[in-house]
Amino acid sequence: MTEEIINVNGLTKIYSGGVLAVDHISFKVYEGEIFALLGPNGAGKSTTIGMLNTSLKPTEGEAVIAGYSVKDEPSKVRSIIGVVPQEFSADEDLTGWENITLIGYLYGLPKEVVKQRAIELLQTVGLYNVKDKKVETYSGGMRRRLEISMGLINRPKVLFLDEPTLGLDVQTRAAIWEYILRLKKDYNMTIFLTTHYLEEADAYGDRVAIIDHGKILVIGKPDELKRSVTWDTISIEITGSYDSVKQVLSTLPQVKEVNFIDGQIMIKVVDGPTAIPGVVSAINSVGQEVKRLSLNRPSLDEVYMYYTGKSMRDESMSKEEAFALRRTLRRARS
Amino acid sequence: MSYKRLSPLHGLWALTNRELKKWYKEPVILLLSLVQPILWIGIFGKAMNFANMFQSASLEIPGLTIPKQIIDEIGSLVLKQTFGTTDYFSFLAVGMLSFIVLFTSMSSGMTIVWDRRLGFLGKLLTTPVPRGSIIVSKVIASIVKSLVQATIILLIGVLLGLRFSFGIIAPVAFLLTYLSLFLLSFGFSSLFLMLALRSTRWETQMAIMNLLNMPLLFSSNSFYPISSMPWWLKPVALANPLTYANAVSRWALLGITPSASLLLSLTYLVTFAVTFTALGITLSWRYLSL
């Protein structure tokens with residue numbers, strides 16, 4: 001977990017129209033972690049992932065993946081990474097089997113290895129029994145599973161997942177994540193992820209980076225980030241009057257703020273779970289009883305709002321992007 | 001997986017195979033693309049019957065009766081001098097071989113536009129397959145398609161009355177014909193792929209194809225010999241690779257003496273193919289990206 005596998009330094013992309021999509025970003029990703037990149041549409045997520053997976057050339061700066069430079073040794077980088085694009089990329093006219101083996105051959109793997117790995121991967125993602133059906137007959141969840149298995153045929157060190165659950169329903173999303181986590185464990189990979197779903201980054205991401213207007217605003221563990229911008233809230237109902245406990249609560253070290261709203265005492269605290277015992281015993285110490293207590297911890301949404309100043313917003317995109325997104329969503333829901 | 005050096009040709013066959021699979025799994029599209037040249041041979045070739053026009057009847061000019069035999073003789077001579085043969089149908093049918101090759105090769109550019117649009121190209125670019133292989137696989141697939149289509153047209157031509165009059169022993173004649181069609185397809189496939197490298201709109205690609213197909217066809221010797229063209233069209237026809245492919249195949253299959261020498265024709269076709277393929281591969285390294 002301490003060995004760095006991706007090292008990004010001053011990476012910048014200016015498109016030919018003069019649009020500054022990514023503005024001198026720097027960060028490190030460590031071996032074995034799930035690193036989630038969050039940001040609104042047009043924030044630079046896809047451009048960043050595009051430069052890291054070598055499909056886009058950086059204008060400035062450098063990124064090194066497992067010791068290989070994306071600028072100078074792109075084909076070496078390509079052979080050690082796996083990419084699951086946001087768009088469905090499998091050829092619809094071919095079968096699942098034909099698609100995954102084709103990608104295997106593009107990595108220069110021998111025939112027997114490709115076949116053996118394809119069988120193994122398709123079994124893991126539960127597509128082995130439909131492998132000889134054309135991809136156009138697959139559902140959205142099946143397509144996404146196929147894309148993920150295609151991204152793993154070369155046993156990559158780093159897997160890039162660009163919006164892996166876009167457009168899927170909640171149950172399918174959970175199932176996809178189950179597959180991702182299982183494969184991550186089986187193959188001991190590092191995962192670089194972009195997502196729209198904050199709860200996914202929160203639940204699965206070891207570290208999260210928030211990007212907006214091409215700049216990284218903050219990087220950290222989800223819990224740390226949440227703690228850094230806002231406090232947990234303990235809501236308490238007590239038997240006696242509010243005034244009797246206000247004084248004693250305010251003096252507790254973890255308590256930041258005490259308010260009385262709608263018959264409830266709302267206490268903002270640092271690290272809720274460890275603060276609760278102190279709060280309860282303080283109330284008991286002045287002869288009051290706790291009738292009801294609940295703890296509300298902030299989600300990553302609050303963190304996101306705090307740094308980007310907006311909730312997940314929708315921005316205008318190019319005609320091609322819109323076409324690709326519509327297509328992906330349409331197929332995902334089929 | 002750690003990095004190991006890959007052969008520069010790895011993945012080429014897998015990609016070519018993909019293109020061909022997509023093609024032969026859709027026989028309807030294959031058959032539809034044959035309709036146009038068949039109609040040209042079947043309708044135009046049969047109706048535009050120069051032999052009939054020149055040889056059908058005797059002429060009655062007042063005070064002078066020319067016997068049919070003489071008319072026929074003169075007609076044959078005129079045809080022979082114009083087309084190099086008295087059999088216009090065969091002349092046109094062989095010309096249609098390069099026509100189908102041109103049309104099939106032109107559509108190679110469309111496949112790259114669709115691959116880009118449908119996300120497949122994006123995925124391809126993240127794999128270590130050489131950029132040149134992406135282009136070359138499409139060129140090879142396009143050549144295979146073109147030659148198969150040309151063979152079907154040739155067979156239909158024979159069924160409709162194409163008569164061979166080989167300029168050289170038959171196996172060599174066919175070999176030369178296929179060689180010239182191969183080179184023609186090589187060059188045109190690379191050219192149209194090159195034009196499509198950066199294109200994101202299939203409409204643009206369609207427009208380019210529609211803009212160029214008829215002018216390329218009619219500024220060649222596919223329908224009529226260069227000698228009958230107006231002076232300003234001749235240089236265009238002489239620059240048009242179709243002219244040389246037709247010249248070679250008409251000489252080989254029909255024994256028609258080409259206006260340019262055989263060697264020159266083949267050299268021209270080789271240069272055409274090599275230039276555009278080299279250009280296509282070079283440009284793909286630089287410009288084939290998302």
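This is a predicted model: local features need pLDDT of at least 70, side-chain atom pairs count only at pLDDT 80 or more; totals for chains, interfaces and linings use all residues.
Let's begin with the layout of chain A.

**The four-stranded sheet**

An open sheet in chain A is built from four strands in the order β12-β13-β11-β14, with antiparallel pairing. Which strands stand at the edges? They are β12 (255-261) and β14 (290-296) of chain A; each has a single partner strand, so one side of each is left without a neighbour in the sheet. From one strand to the next, the twist averages 20°.

Now for the pairings inside this sheet. Strand β11 (residues 232-238) of chain A runs antiparallel to strand β13 (residues 264-269) of chain A, with five bridges between them. Within that pairing, A:Ser235 is bridged to A:Met266 in β13(A), and A:Asp232 is bridged to A:Val269. On the β12(A) side, β12(A) and β13(A) are joined by six bridges, again in the antiparallel sense. Here A:Glu257 has A:Lys268 of β13(A) as its bridge partner. The hairpin of β12(A) and β13(A) has two residues between the strands, and A:Asp262 in this hairpin takes a positive phi near 50°.

In a regular strand the side chains alternate between the two faces of the sheet. You can follow two such faces along β13(A): A:Ile265, A:Ile267 and A:Val269 form its covered face, while A:Gln264, A:Met266 and A:Lys268 form the uncovered one.

Helix α9 (residues 243-250) of chain A lies across β11, β12 and β13 of chain A, and its direction is at about 165° to β12(A). Helix α10 (residues 272-285) of chain A packs on the sheet and touches β11, β13 and β14 of chain A, making about 25° with the direction of β11(A).

**Strand β1 and its partners**

Strand β1 (residues 4-14) of chain A pairs with β2 (residues 20-30) of chain A through seven bridges, and the two run antiparallel. A:Ile6 has A:Val29 as its bridge partner in β2(A). Five residues lie between the strands in the hairpin of β1(A) and β2(A), where A:Gly18 takes a positive phi near 90°. β1(A) also pairs with strand β4 (residues 60-65) of chain A, in the antiparallel sense and over five bridges. In that pairing, A:Thr12 is bridged to A:Glu60 of β4(A).

| Strand pair | Sense | Bridges |
|---|---|---|
| β11(A) and β13(A) | antiparallel | five bridges |
| β12(A) and β13(A) | antiparallel | six bridges |
| β1(A) and β2(A) | antiparallel | seven bridges |
| β1(A) and β4(A) | antiparallel | five bridges |

**Helix α11 and A:Thr308**

Helix α11 (residues 300-308) of chain A has these buried residues: A:Leu300, A:Val303, A:Tyr304 and A:Thr308. They cover an arc of only 105° around the axis, which puts them on the same side of α11(A). An α-helix has 3.6 residues a turn, so residues three or four places apart point the same way. The buried residues of α11(A) pack against β3 (34-38), α7 (198-204), β9 (207-212), β10 (215-220) and α8 (222-229) of chain A.

Why does A:Thr308 count as buried? A:Thr308 is buried because 20 other C-beta atoms lie within 10 Å, and the cut-off for a buried residue is 20 or more. Leaving aside neighbours within four places in sequence, A:Thr308 is in contact with A:Pro40, A:Ile210, A:Asp212 and A:Leu217. The C-alpha atoms of A:Thr308 and A:Gly39 are separated by 8.1 Å, although these residues are 269 residues apart along the chain. Just after α11(A), A:Gly309 takes a positive phi of about 75°.

Chain B has 13 helices and two strands. Its C-alpha trace spans about 95 × 35 × 35 Å along the principal axes. Of the 290 residues in chain B, 43% are buried. Among contacts in chain B with a separation of 6 or more, 82% come from residues 24 or more positions apart.

How many residues of chain B are in contact with chain A? There are 23, and they meet 29 residues of chain A. On the side of chain B that touches chain A, α1 (12-24) and α7 (120-125) of chain B each supply at least two residues. By class, that side of chain B has nine nonpolar, nine polar and five charged residues.

Notes:
Residues are numbered from 1 along each chain as its sequence is written. Chains are lettered from A and ligands numbered from 1 in the order in which they are written. Two residues are in contact if their C-beta atoms, placed from the backbone, lie within 7 Å. Ala, Val, Leu, Ile, Met, Phe, Trp, Tyr, Cys and Pro count as nonpolar, Asp, Glu, Lys and Arg as charged, and the others, Gly among them, as polar. Two strands pair if DSSP finds at least two bridges between them. Axes are lines fitted to C-alpha atoms, for helices over the stretch in contact, and angles run from 0 to 180 degrees between N-to-C directions. A residue is buried if 20 or more other C-beta atoms lie within 10 Å of its own, exposed if 12 or fewer, and partly exposed in between; C-beta atoms are placed from the backbone. The arc is that of the directions from the helix axis to the C-beta atoms.
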